[in-house]
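Let's take a walk through a protein model together. Keep the sequence and the 3D view open as you read.

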Amino acid sequence: MAKVAENVKFVDDLQQVLTESLAVFPNVDLTPTFAKVDQTKSKNWQQSSKAFSTNVIAEELRSKVKQNAMLKMEMNTIYDEIRQQCSPLQYMLTLRVMTDLRKKLYEDVMTNHTSKIARLINKEFDVDEHITNISSYRLSFFEKLVLCRGLKFSIAQPVPARDVKASFEKAYWRLEPTLPEDQKELAAATLRSIALNYIQRRGPRPPKALQQAINQLRRREDIVITKPDKGSGVVVMDKTEYIRLLSDASIKDTTKFTPINTERPKTRGRPPKHYHPLLQKEKQLESVVRKILPKPIADTVCRKGSRLAHLYGLPKTHKQQLSMRPILSSTGTYNFALAKWLEEKLKPLSLNQHTICDIFSFAEVIRETPLNPNDILVSYDVCALFTNVPLDETIEIIAEKAFKNNWFNETHGLNLTKTGLTELLRIATKDQLFQFDGQLYEQVDGVAMGSPLGPLMANVFLCSIEEQLDRNNKLPSFYKRYVDDTLATMPNIQAATAFLSTLNECHPAIQFTMEIAENNKLPFLGMMIEKNGCHLTTSVYHKPTDTGLLLHYQSHVDQRYKRSLLNTMLNRAYRLSSTKESFTKECQHLKRMFTKLKYPVKLINSAIAWYTSSTIQSRHETPTELDAATQKPVRITLPFKDQKSADTVRHQLKDLGRKIGTDLQPVFTSRKIEGKLKIQEEKPALINHQCVVYTFKCDSCDADYIGYTTRHLHQRIEEHKASVIGKHLKEAHSVASTSLEEMFSVLKKCRGKMDCLIHEMLFIREQKPKLNTQSDSIRAKVFI
């Protein structure tokens, strides 16, 4: 009997292997032999033959799934018979032997099928091409298959119904104020119908083999998977080496970074129950900002529940000596909103006649600029500009410029003092708190690469140097700069070298390097600039690190994004090409690149033809001004399920939009594999739960509660000691509500207050918690 069960289970495993193999084929654009169409017929009827192959594979998959279900039922029956005939000990021993045999047989069969699939796939493309594995870990075939199409690649994922409902609820809340009373019911009912229809549609399931490969990579704590600093692709590194290189590039410079002690300092009076340096930073920022800025502005820039920044790095695999570019992830940090506000207000001060804001406009300008026929092209680059910007000096420069003729206050209708603005700039940039490898640090000098004020501070500092050189007549006649990259013309190499020395003498904090044109050609900002006599021509330049890895056609995203990518690359090629020949040459390059990314040749050719014809037509048309009264579209962000469902939703929303006179646009999002494989930096729970929907479950009964907070969760838990939760514990269990943290858990992390309110409402409706005194925190308007 045991032998029979073993054979049944082995057959079941074999069926499972076959099912997994079939599920992988559509994701790598392979067709098994049984589903192929005769080549002659395939050429004549491309669309029909492709549909036939897809349907045959789908039918075979359904057949295998059905067989698996039947075998499992048969296997369970045999297990029951064995259990009845054997003693418990004999049954356990028999089960263990069967399990060991089954695992070995399964691994043998899976290895055999994997090697077959690998041989088939390697005929189509090289799975190692875009992967740089410098770790000691050997990637399996399916792990390579997951990574070889880049970290931006998406595979099908289950779509939670709650997320779809939340998206339509948020859309209606934005839409309702613009609707007349007689259209509100129509809009809500139609949106509800569209949402429910989208929820009911069955999307494709992710291939189990690829999903398992992602999970295996995710669980490994000894490797880091990231993208390179230059170009595209995937880099796999040992975590110890990653941390060492990132430390060398950042925190080991004690003049710019200093470690922070997380222990509570000794103070007079009653110490706070919860202590963390981030909480102190929040309090410090709020006290400074509220003294300087008006209350409406202060309310928007003071974050109650900020996240702790963390340091990560991008490996410079293009260098002979491997090194790391440090980047600070500062979105949502305690001073991020203030930095963003200051950046918007102060941006005009970071520009002068030498700065480049748009490379396309720059390309047009330099093509029309006459030059001396004997001049040479030279580019200058600043080494590690961001981390070497002298903060205090740059802040003083900004304050001086901002209050020259009281420009800042008159432009923005404010009443700040120079000292006040200086204080705001200091708290937005200096002593930035972050975590790296479990340790807290502060960046005491240099601007954080990742801060909204980073480019502005760098530009202001370099503008001051340029203004000083201009006053001393030391700038060349042609000089243009984009952040840390500068293009200039010089009479000869000696003059170029002398100007390099002049630049390096301007300030001890920064150093410049120089590159001289070869054969009158110089790469600059993604362009190849060529000097022909007195004029410059431009064409698209591809760096040696450019592997051509963009959005893969097999990525599980909306087709519109793939077509938009094609059009974007064509527009870039057209605007950076000064001649028809260079544009045609770049179009041929794009054809090869997108063909390699599995884009249909017909789609590529039609995109090129459409862009070329529309561009020629637009030259002869008079540009029309946009109607200022045109309403902004209402966008509904939805998780992408499949193309047919997406097209149906788009059509239905367009039809509703015509009826109510509003442009309704769905935006479909897909979860990229980089989200699952990104470097995890574990942070203290005290400051890692903010802007969340949470639940309380009493550990003595089945009472529960659902709520939300945009602050840190521990702050809201303290308040609950005097709420219905504290009252329940005291009255029902005679327990003092001193320590509640273990009874709280996070249901969902949200992106803002509105997101929290809607998800809280949906969770309350689903789970019906006993302690909530109201059914909704925000009234449902679509899913009533």
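Helices here are DSSP runs of H or I with at least four residues, and strands are runs of E with at least two, both numbered from the N terminus. With that in hand, look for Gln774, which is in the segment after helix H27 (753-767). Residue numbers start from 1 along each chain as its sequence is written. What you're looking at is a predicted model, where local features need pLDDT of at least 70, side-chain atom pairs count only at pLDDT 80 or more, and totals for chains, interfaces and linings use all residues, while side-chain values use heavy atoms, leaving out hydrogens and water.

Is Gln774 buried or exposed, or something in between? Buried means under 20% relative accessible area, exposed means over 50%, and partly exposed lies in between (1.4 Å probe, protein chains only). Gln774 has 46% relative accessibility, so it counts as partly exposed. Its C-alpha atom is 9.3 Å from that of Ile764, ten residues away along the chain.

Now for the rings. Rings of Phe, Tyr and Trp (its six-membered ring) pair if their centres lie within 6.5 Å; planes under 30 degrees apart are stacked, over 60 edge-to-face, and the rest tilted. The structure has 16 aromatic pairs. Take Phe403 and Phe408: their ring centres are 6.3 Å apart and their planes at 35°, so this pair is tilted. Phe403 is buried at 18% relative accessible area, and Phe408 is buried at 0%. Elsewhere, ring pairs join Tyr198, Phe640 and Phe668 into a cluster.

Finally, charges can sit over rings: NZ of Lys or CZ of Arg must be within 6 Å of the ring centre and within 35 degrees of the ring normal. Lys165 has its charged end over the ring of Phe783, 5.5 Å from the centre, and Lys562 has its charged end over the ring of Tyr553, 4.7 Å from the centre.
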